Amino acid sequence: MPRTPWIVGVSGASGTPYAAAVLRALLDAGESVDLVVSRASRLTLLDETGISFRDAHWQADLREWLSRGADGKPDTFAVDIGAVRHWNAGDLAAGPSSGSYPTKGMLIVPASTASVAGVALGLSKDLLQRAASVTLKEGRKLIVAVRETPLNGQTLRHLVTLDDAGATVVPASPAFYAGATHIQDLVDFVAGRVLDAAGVPHRLYRRWQGELGGGAHPDG
């Protein structure tokens with residue numbers, strides 16, 4: 001079978017644990033991933049985790065990143081990154097820059113207001129923005145997990161533009177009805193909603209069953 005990956009774009013917004021959770025879940029579901037890590041997101045990743053994402057050592061850096069829990073504890077998850085292909089964000093000749101390159105769609109997690117604006121305006125300043133524009137023009141799924149607060153009118157208009165273009169906007173807003181007891185639970189809820197929008201099966205959070213009190217902690 002030909003390889004048909006999901007593109008995962010990681011922008012410079014705070015929220016690298018969301019990206020890690022989405023990547024792990026995609027790989028657990030047997031999906032292939034094309035990864036684009038923006039220049040700004042590398043600074044955020046370094047600040048939030050202490051991990052430097054280097055092109056020459058991306059496999060080791062990615063493995064270390066995905067193995068950590070949202071609390072920063074190392075070796076929390078066992079991850080096989082064999083299905084991941086990495087593209088440099090400055091490579092505008094990369095596969096995802098062309099509509100003839102087959103993909104299932106693209107997830108931008110987290111999505112900064114700058115990346116939202118760039119995609120909405122069709123700027124294609126880097127591979128992340130270009131791949132998102134290609135995803136839209138080809139009629140493929142584009143999920144934008146915006147992580148910013150508060151949102152001003154300009155950003156809201158950009159989000160409406162993306163919605164009108166066929167993208168799905170998923171605010172990185174954790175819910176509490178699933179009985180979260182750990183920061184990882186809150187991160188996994190957002191990651192799960194992103195995957196729901198993409199139509200990728202997962203078991204990241206407890207779904208609502210129509211019964212009040214189902215998320216209460218067992219200790220009361």
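Begin by selecting Tyr-177, which is partly exposed, with a relative accessible area of 34%; here buried means under 20% relative accessible area, exposed over 50%, and partly exposed in between (1.4 Å probe, protein chains only). The model is a predicted one, in which local features need pLDDT of at least 70 and side-chain atom pairs count only at pLDDT 80 or more, while totals for chains, interfaces and linings use all residues. Residues are numbered from 1 along each chain as its sequence is written, and side-chain values use heavy atoms, with hydrogens and water left out.

Tyr-177 is placed in the loop between S6 and helix H7 (183–198). Helices (H or I, at least four residues) and strands (E, at least two) are DSSP runs, numbered from the N terminus.

Next, display the strands. An open sheet of six strands has the order S3-S2-S1-S4-S5-S6, with parallel pairing. S3 and S6 stand at the edges, each with a single partner strand, so one side of each is left without a neighbour in the sheet. Two strands pair if DSSP finds at least two bridges between them.

Select strand S5 (residues 141–146), where five of the six residues are buried, so the strand is largely enclosed by the rest of the structure. Strand S4 (residues 105–111) pairs with S5 in the parallel sense over five bridges, and Leu-107 stands opposite Ile-143 in S5. Towards strand S6 (residues 168–169), S5 forms a parallel pairing over two bridges, in which Ile-143 has Thr-168 as its bridge partner. A crossover is right-handed if, with the strands pointing away from the viewer, the path from the first strand over the helix to the second runs clockwise.

Move to strand S2 (residues 33–37), where five of its five residues are buried. Which residues cover its two faces? Val-33, Leu-35 and Val-37 lie on one side, and Asp-34 and Val-36 on the other. Strand S1 (residues 6–10) pairs with S2 in the parallel sense over five bridges, and Val-8 stands opposite Leu-35. Five bridges also join S2 to strand S3 (residues 84–88), again in parallel; Asp-34 has Arg-85 as its bridge partner, and Val-36 has Trp-87.

Select helix H1 (residues 16–28), which with S1 and S2 makes a right-handed β-α-β unit. Within H1, Thr-16 is buried, with a relative accessible area of 1%. Leaving aside neighbours within four places in sequence, Thr-16 is in contact (heavy atoms within 4.5 Å) with Thr-44, Leu-45, Glu-48, Thr-49 and Trp-65.

Finish at Gly-30, in the loop between H1 and S2. Gly-30 is exposed, with a relative accessible area of 64%. Select Val-200 as well: the C-alpha atoms of Gly-30 and Val-200 are separated by 9.9 Å, although the residues are 170 apart along the chain.
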